[in-house]
Amino acid sequence: MDRIQEKLMILADAAKYDVSCSSSGSKRKNKGGIGDASASGICHTYTEDGRCVSLLKILLTNHCIYDCAFCVSRKSNDVKRAAFTVEEVVEITMNFYRRNYIEGLFLSSGIFKNADFTMERLMRIVKKLRTEERFHGYIHLKTIPGASEELIKEAGLYVDRMSINLELPTEAGLKLVAPEKDHESVRKPLAFVQNHIKELQSESALIKHKPLFVPAGQSTQMVIGATPESDYQIMSVADEFYKNYQLKRVYYSGYIPINSDNVLLPQVGTQPPLIRENRLYQTDWLLRFYDFKLDEILNPQFQNLDMDIDPKLGWALRNPQFFPIDINTADYKQIIRIPGIGRQSAMKIIKARKFGKLREYQLKKIGISYNRAKFFMICADSPFTLGEMSMMNVKQSILQFGNSKYKNTIPENQLSLF
Amino acid sequence: MVYYIYDGSYIGFLTAVFDCFDLKDKAVKVVTKEQYSPSFFDEGFEIISDSVKAKRVLNGLNKKLKKAQVNDFYCVFLSEDLQAVQYTFDLICELFRQGADILENYGDEKVVYFAKTLKSVGREKHRMKAFVRFKKATDGMYFAIIDPDFNVLPLIFRFFKNRYADQRWLIYDVKRNYGLMYTLQQIVEVKLLPLEKQALATTEVIAFDEDEVYYQNLWKQYYQSTNIEARRNMKLHLQYVPKRYWKYLVEK
């Protein structure tokens, strides 16, 4: 095997636990060179795990001075080490991009020597891509915790998105498996970049050609299921980070056991908590796009999400007083709370009902999940019913007649979490 | 029932809309020459494509709708689906008679079918932006073959022109036997002769750059290394990358 190919094998493998793959949200246009990151993101292919491949996601090196138990590149782990040169990363990125394999580069790194040394090397790569190769594709760069503000500020001028991972949802969890790290070193650079974005926005009225600075915003990632946090704890942290740092995304990454030496972590061979991860993403969506408040879905009395049903259905079943909703009169915000009706269908319903009251046969064609929604809504020809249906029965019949992708596959060890 | 027989082009289709109003015909079916079979009971009327008439229909649409909505008709037309093309024709006629908001009537069968087709074409258009794989030829030209479900090449070439502005490229639709080539100055339509097309399928008619196979191998390596075996989910994988697209994907 060619040496570059071997490096790619090692450094792609080490980078793959970072789940962010987004290539959308930037405003960068092609100005006399190659590449354009101004359109919506594109997934160029999907791996056999069903995850999208949008960016060339690699580490500059997997040499690392830290020994975080959950990380595959931890100092004490016996794995092959490698490091790309600046030129090699640029060469591969450009050649992949020109063949339409990727939307751009996702560059991260283990920490070698110190934070600034690492950050400076990452910066040289993105600078070379932008200035020498005139590359206008998407670049997602990891901010190295502890790097100097000058370096972070300069890097921000070349990249589309920056991110730093929280790793574990709580400080206590982090201390268990990565005593050398803390949440403060994540908050500080996130706040720094966010403040700088805001500063530029407020200045923009005065400056004619304002520079692009992290135009696709920031994101973070939490590892789920490595340490015993509840869903409520996890989502509280996410909610706070969305509010305080205006993050574009929080990613939840079900922990894949890769460490058999640490007794605190799930052992190698344990199934990653994929359903739980999915339920957390669904909750995340409800908070960001469906106008739910966190305490409606999770609160100190209800700390963990149902595994057998999605969080919107779960909320509906716990709040029967909200239903049924008349789709011919209710407003948009009420309609999107009906299980089985999404945002697009809700918009269609609002538009279509101007032409006359909607009936069952029309709703079935509009693209809603009628068999689920029917328990929570009424339309023009809904039969008149006396009294309320027991929500217990509703859940039973949805589970019985629905075809959830998780039907019969929810393993015992995922029902009760710890 | 009157059959309007047009040449299959969008200009011809829009001319048919114009003539329909001009001749005050009701109950019109639009068909191409290939789709038309004369019958004893129905009348057939040949539409002569006329870019002035087509332009007038487009101007009319632009007055009533947003630019993107006007483009939606073209997208659905490119689906090459007989039913969808007919509904597009009916909806354009109806909206000239009744007003633009009829397109929001999602309780109507035609509108729903139109919206559904628009979504399918949009999905295929997006897939082609993702799944095109260029191979670099010795002369520096980047070359790709596609075989899309719908005729989406007219919808994607601007995207590639913006993105790959500093490299020459050619994307060839083997199903519809035409391609678009970017020469650094302009986009030109390319048509291979039947013999050339045959050669395309069997042997390499193009000499590839010496680095081409090297980067293909690197890409295959990356594709394998970035996969997480513990999360294997083939059902989802196939949903996103249906098998019919595999033949032109380097990594599959």
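This is a predicted model: local features need pLDDT of at least 70, side-chain atom pairs count only at pLDDT 80 or more; totals for chains, interfaces and linings use all residues.
**Entry 1**

I count residues from 1 along each chain as its sequence is written, and chains are lettered from A and ligands numbered from 1 in the order in which they are written.

Strand E1 (residues 2–6) of chain B is joined to E2(B) by five bridges, and the two strands run parallel. I note that helices (H or I, at least four residues) and strands (E, at least two) are DSSP runs numbered from the N terminus, and that two strands pair if DSSP finds at least two bridges between them.

I then looked up the whole sheet, which is open, has three strands in the order E2-E1-E3 (chain B) and shows parallel pairing. Strand E2 (28–32) and strand E3 (43–46) of chain B are at the edges with a single partner strand each, so one side of each has no neighbour in the sheet. On average, neighbouring strands of this sheet are turned by 30 degrees against each other, direction ignored.

Helix H1 (residues 10–22) of chain B lies across E1 and E2 of chain B and runs at about 145 degrees to E1(B). For such angles, axes are lines fitted to C-alpha atoms, for helices over the stretch in contact, and the angles run from 0 to 180 degrees between N-to-C directions.

**Entry 1: two helices of chain B**

How do the axes of H3 and H4 of chain B cross? I found that the axes of helix H3 (residues 67–77) and helix H4 (residues 82–98) of chain B come within 9 Å and cross at roughly 155 degrees. That makes H3(B) roughly antiparallel to H4(B), by a scale on which angles under 35 degrees count as roughly parallel, over 145 as roughly antiparallel, 65 to 115 as roughly perpendicular and the rest as oblique.

From H3(B), the residues Phe73(B), Val76(B) and Phe77(B) meet Ala84(B), Val85(B), Thr88(B) and Ile92(B) of H4(B). Sorted by class, the residues of this contact of H3(B) with H4(B) are six nonpolar, one polar and no charged. Two residues are in contact if their C-beta atoms, placed from the backbone, lie within 7 Å. Ala, Val, Leu, Ile, Met, Phe, Trp, Tyr, Cys and Pro count as nonpolar, Asp, Glu, Lys and Arg as charged, and the others, Gly among them, as polar.

**Entry 2: a hairpin and the domains of chain B**

Strand E7 (residues 178–182) and strand E8 (residues 187–190) of chain B pair in the antiparallel sense over four bridges, and Met181(B) has Val188(B) of E8(B) as its bridge partner. Four residues lie between the strands of this hairpin, where I noted that Leu184(B) takes a positive phi near 85 degrees.

Chain B is divided into domain 1 (2–124) and domain 2 (132–248), with bounds that come from an automatic or database domain assignment. Six residues of domain 1 of chain B are in contact with seven residues of domain 2 of chain B, and the domain 1 side of this contact has three nonpolar, one polar and two charged residues. The C-alpha centres of these two domains of chain B lie 32 Å apart.

In chain A I looked up an open sheet of six strands, ordered E3-E4-E5-E6-E7-E8, with parallel pairing. The edge strands are E3 and strand E8 (249–254) of chain A, and each pairs on one side only.

Which part of chain A gives the most to the side that touches chain B? The contact takes 44 residues from chain A and 40 residues from chain B. Several elements of chain A each supply at least two residues of this side, including helix H1 (3–13) and helix H2 (86–98). H1(A) gives the most, with six residues, and the side of chain A that touches chain B divides into 21 nonpolar, twelve polar and eleven charged residues.

**Entry 3: confidence**

Finally I looked up pLDDT, the predictor's confidence in each residue, from 0 to 100. The mean for chain A is 92, with 95% of its residues at 70 or more, although over residues 412–418 of chain A the pLDDT is below 50. Chain B averages 93, and 98% of its residues score at least 70. For the complex, the predictor gives an ipTM of 0.94 and a pTM of 0.93.
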